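Open your viewer and get ready to click along. We will hop from one selection to the next and say what is there at each stop.

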Amino acid sequence: MLEAQDIQAEHKDLIHDVAYDYYGRRMATCSSDQYVKVWDQTTEGKWIQTSSWKAHSGSVWKVTWAHPEFGQVLATCSFDRTAAVWEEIVGELPGPGERGTRHWVRRTNLVDSRTSVTDVKFGPKSQGLQLATCSAEGIIRIYEAPDVMNLSQWTLQHEVQSKLPCSCLSWNPSLNKLHPQMIAVGSDDANPANGGKVFIYEYNENSRRWTKLETIGSVVEPVHDIAFSPNLGRSYHILAIATKDVRIVNLTPVEDEQSLQSGVTKLDVQTMAQFEDHNSLVWRVCWNLTGTVLCSTGDDGCVRMFKMNYINSWKPVAVLKGDSSKAQCSSNNAANGNAVTAFSGTARYIKLGSISQTRETPWH
Amino acid sequence: MEKEIKTFLIPNDLCKRAGIAGTWLALDQISVFAYEKRNIRQKDQPSHFASTTQSSVFHLRQDVVLFHPILRKLVNESNGVFLAIQSLISSKNADLRLELFKISRQYRSIIRACLENLQDEHTKSEKSDEKLELQNYITVFYSIECIWHLCEILFIDTMPGNLVLSQLLEWVSFHFPEYERNAASMLAENVVGLETRSEYWDTVLGALLQGRIKLVRALLKQHSSSDNSTYRLAEQILKAMPTFNGPGGSSLNELNMQWRHWTMDVQSKIDSKLFSTEKNLDLMMRLIVGEEKAWIEIQDKCEVWYAYLAGWLFFTEPTVKSFELGQFAKRAITKLRMNNQMKQLDKVLLAAMEFDIFQVIKEIQHMYDNGWFVSHLTDLLYHCDRLCDLEKEVPDFSAEKLRESFILDYGTTLMGHKSLWQVGLTYLDHCPNDGLQVIELLLPRIHMDTEAKAQKVVREAKNRELNNVVQSVCKVQGMLSMRRGRLGNALSWALKSQDGPFTSFLADEFLQNYIKSGRLSSTDLLDNLGSGMLVSDRLIFLGKYYEFHKLYQSGDYREAAALLISLLASKIIPKYFWYILLIESIPLLESGDLLFSSNDTFTIMHCMEEKKDVPELKDKLDILRLAATRNLSRALTFEAQIIE
């Protein structure tokens, strides 16, 4: 059984991205209305908007949180060709409740791109505060804040030119110190003749450069999203790709003579699963915290979930979709009527109906 | 283990029209919002959904029944038993089998206690929806107990020779206790003529099917015609029934023989129409000899097929072996024409009787208990070595991985709860492959709404030597404290994680605050820095400077002066703080007692000339020079006297 809590987002257009902070207690939303909004969860579980500001002069595509070790920091990227870093400032002498005295300031505006910035992601915190952006012109940029206590200074550390326009990127979150930093980049280039649409880059400590390790040749259709799975100390990396279907790929570093000598990792690429369930283009992929369930968003209007079982094979487990019939929703509200008035301060949940009701099989 | 795909509907029109996107939120929630992919090659203009409808974000969470307060005891107590198994296994106890059997019973008694609790609440409850919810829980945990008990009989507490009947009857009578209860209440009245009670014959037959022969005899004795010959004959027959006294008693062959003689005797008495006057007794006797027609007659009295099965086996196959159970079970189900009405519980019980453990596990993982049952039972069966056979039967099967995947899921679920997360940790601790990594991912994400909770998280991380987690949590807490203007707190977190750069940053903040306000804050902490201050030079300076302050304030000017000189001579003074130190040396230079030697004074003068361009020092420079030269003359005179 699932329960749903409805939060009125108050954006004037569709939301492009929703991101949660490290603890899942804060939410940031961004939209074509050029605004970014930040929401906080109260102790009763209610979500309250605490900030809202016009962040860009174009659609805001993505919003993402930095690790809380760096404070309360957001990054956004936009159609207006910029990416920005925002920090929340607490006013002087905040009271115990401390609400209302906070606001977000733009710490930096990254204006190097000449086209729409399509994705922005903070790097793993073990490397300090790094930020990667990618853009329609096909350039991946890595920025760094050398002094993590001063976020107004960012330096452009690396620029990597990809041969195709970039639509999305993902840092490898591996906690293993032996793994060099790795970024996967996807391209939504529409021409299959241009070859693979997913590129894997790695930072080489010796040459101090990002080099391309691999182009995943099996994916030639446009790629719209890409996500590394949280690494549980595995020797290989798992990458989810949103393209014409949902693809799950294992990347295994191969230790042969050649790679040991050159210091450049060689990857063995294997497709572990391919799901056509959406029967349409796939827009987004997202892993749960432990990397056991993948959720994907498709053009069929559905969110689908895939779970890994104990022998590492993947199976679809659930589907979510929008439903305009209000009947079932309102009847549930009526049933919950008493509870709602009794705890007006707490979050209100709607019980969701399920179509194939396996959970409701009579047990006895 | 595959299952059907469930579909959930989000009741929102915009979500329907635009489509939806989903993203994970924390551990167990999914966030869904109306979404339409925008192509960056399109013109950037409002979508056709702009401003028409309010867009919403939906947070979907799984309804975790285990988080219901009434099940808290079950979660905590079963955790104790789970941990007991794990230490039992590592201790290599001699009689593991017996211990594991005890463990199984402990689990069951926890479920029963939980059921009692639920029953109580259900009776007390007055709200209809609450009652319904509790009723659902009761159904779920009743089924769990029923399956667990059968699994215990078949897989954990196996009898020598695989004889299973007596336990099977016990199991049935435990789950259908009403015959025994009725009988007890009737017998307690100790009156003759019990047959006037409407439930009398039902109770007699029920007791008979559960193999409770003594009870049957006691009930028959209270029949008003118990003295007549037919009743006496029945009594004699029942009394003469051969019983199996466990493996120590008569051998199986002997028993079989005795049984055959006994039933032949009963059959001949039936054939001689000795019971024809008492149709109930006649029915009982015909059941005893296993007459098909008689068993068809009582079919409807059996609530469930397994009650029927146990009774039927008792009279026709008293030495049935556990591995034969499956075929008899199927026969019983066919006889009762239940093949098409098998409920979930029936299916699981049948699978257990067929020794299809894989199927049992497959079915019970879908129960509405968030994996409590499947993870605890699988763990127990794994430690009983009951899963290793499956490795040969099921392709790609790994008993260890299966166990771990359930324990991991269960532990992860508990990690999502604000007070059960520590219980969750103990499950993850016993996942040898991925447990520690999952802890490393989840532990630092525990919502730390209080410092005490953060301390708890740090302790748990330290216990597992997860230094990364310790450092990260301390850093986050330090940053939080700093943002709230609580520098002392921030510093103590920074010290806890031995974070050099952050400590230096905070020490700078302390010193800057001092410059602004003339006061040092958090003096308790600075007092007790000890060797902790070695983390950063800046902190050493702060600590020493505070010491100087204390000495000065308590009037120990000589020590204060000595400390000041050693600070000036050191290389750890921050640039922005030089002028403070120099200015603060003025009163000491001008002190009535001579505090600085000529050498000390030279040090001060040297520093002073080096820093004379510092703007903050500008208007103090003259006074400083004057004070220094005056002190120098005093010191030189004094030192000259001493030499003389």
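Start by selecting B:Asp409 and A:Lys307: they form a salt bridge, with their closest N and O atoms 3.1 Å apart. A salt bridge here is a side-chain nitrogen of Lys or Arg within 4 Å of a carboxyl oxygen of Asp or Glu. Between chain B and chain A the count is three salt bridges.

Before you click on, note that this is a predicted model, in which local features need pLDDT of at least 70 and side-chain atom pairs count only at pLDDT 80 or more, while totals for chains, interfaces and linings use all residues. Residues are numbered from 1 along each chain as its sequence is written, chains are lettered from A and ligands numbered from 1 in the order in which they are written, and side-chain values use heavy atoms, leaving out hydrogens and water.

**The meeting of the two chains**

Now show chain A and chain B together. Each brings residues to the contact (heavy atoms within 4.5 Å): 99 from chain B and 99 from chain A. How much area do chain B and chain A bury between them? It is about 9500 Å², with 61% of it on carbon and sulfur atoms; buried area is the accessible area (1.4 Å probe) that two parts lose on being put together, summed over both. Select B:Phe8, B:Trp24 and B:Arg483 next: these supply 9% of the area that chain B buries against chain A, more than any other three residues.

**Inside chain B**

Colour chain B by domain: domain 1 is 13-61, domain 2 is 67-157 + 362-427, and domain 3 is 166-345, with bounds from an automatic or database domain assignment. The centres of domains 2 and 3 of chain B, taken over C-alpha atoms, are 34 Å apart. These two domains bury about 1100 Å² between them. To see who contributes, select B:Tyr142, B:Cys146 and B:Ile153, which supply 38% of the area that domain 2 of chain B buries against domain 3 of chain B, more than any other three residues. Look for salt bridges between these two domains and you will find zero.

**A last stop: cysteines**

Which cysteine sulfur is closest to that of A:Cys295? Select A:Cys286: its sulfur is 4.8 Å away, too far for a bond. A disulfide needs two cysteine sulfur atoms within 2.5 Å, and the whole structure has zero disulfides over all chains. A:Cys295 is buried, with a relative accessible area of 1%, whereas B:Cys388 is partly exposed at 34%. Buried means under 20% relative accessible area, exposed over 50%, and partly exposed in between (1.4 Å probe, protein chains only).
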